[in-house]
Amino acid sequence: MKNYTIAYCLLLAALLGFASAPSAQTVYRIVGPEGKVTFSDKAPVSAQQGKVSDIGVGANVVSSDSNSLPFELRQAVSKFPVMLYTTEPCQPCDRARAMLTSRGIPFSERTVTTPEDSNALRRLSGDTSLPTVSIGAQRLKGFSESEWSQYLDAAGYPKASTLPDGFKNAAATPLVIVQKPAIAASKEAEKTTAPAPAHTKPVANPNNPAGIQF
């Protein structure tokens, strides 16, 4: 019991050490005109810089109902937002989602289904283990209810749900969302625009054989 108490205190201190750190910001994956890939915390100034992918590292958690959360829960969410990374099919991911939901943890979910998603996850966490959860600055790979519960406890989340009735987490979104530049999108629109109908020869009028038009 003594060893457990010491370990728990060390865990709590490690988590609280990140309370004053600035929140993670959104990271953009930018594909330049020549195919060069770069990552930045700033969105491109112009569309000519290339395709933009928002990989959502910032964990802007939960829905617009966050202001209605109880004070204790709202404090935990603001200091240690929870981001869940999942894929389909994945039974451990399902158990992880169910655990967070049943405990009443507001969280954001990012799905990893494409090669670009996997590359982004590897860049974030070092590998592609799923499910993965981030609680503040801490990142846990693979689902372990006991381990996740310890970190959530240390972060100040209530042990039982205190969510208001009708609260829903935001819907899951892909980890990498590719947005086409405005210029490229306009060119594609031009390609898909239906061509003007070809000029057809007017039908001969027996009362006007010369085809005179006014």
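**A predicted protein model: questions and answers**

The protein has 6 helices and 9 strands, taken as DSSP runs numbered from the N terminus (helices H or I, at least four residues; strands E, at least two). This is a predicted model, in which local features need pLDDT of at least 70, side-chain atom pairs count only at pLDDT 80 or more, and totals for chains, interfaces and linings use all residues. Residues are numbered from 1 along each chain as its sequence is written, and side-chain values use heavy atoms, leaving out hydrogens and water.

User: What share of the residues of the protein count as buried?

Analyst: Buried means under 20% relative accessible area, exposed over 50%, and partly exposed in between, with a 1.4 Å probe and protein chains only. Of the 214 residues of the protein, the share that counts as buried is 33%.

User: Is Thr86 buried or exposed?

Analyst: Thr86 belongs to strand E4, residues 82-86. Because its relative accessibility is 1%, Thr86 counts as buried.

User: Which residues is Thr86 in contact with, leaving aside its neighbours within four places in sequence?

Analyst: Contact means heavy atoms within 4.5 Å. With those neighbours left aside, the contacts of Thr86 are Cys93, Arg97, Glu109, Arg110, Thr111, Val112 and Leu130.

User: Where around the axis of helix H2 do its buried residues lie?

Analyst: Helix H2 spans residues 71-79, and Leu73, Ala76 and Val77 are buried there. They cover an arc of only 100° around the axis, taken from the directions from the helix axis to the C-beta atoms. Therefore they lie on the same side of H2.
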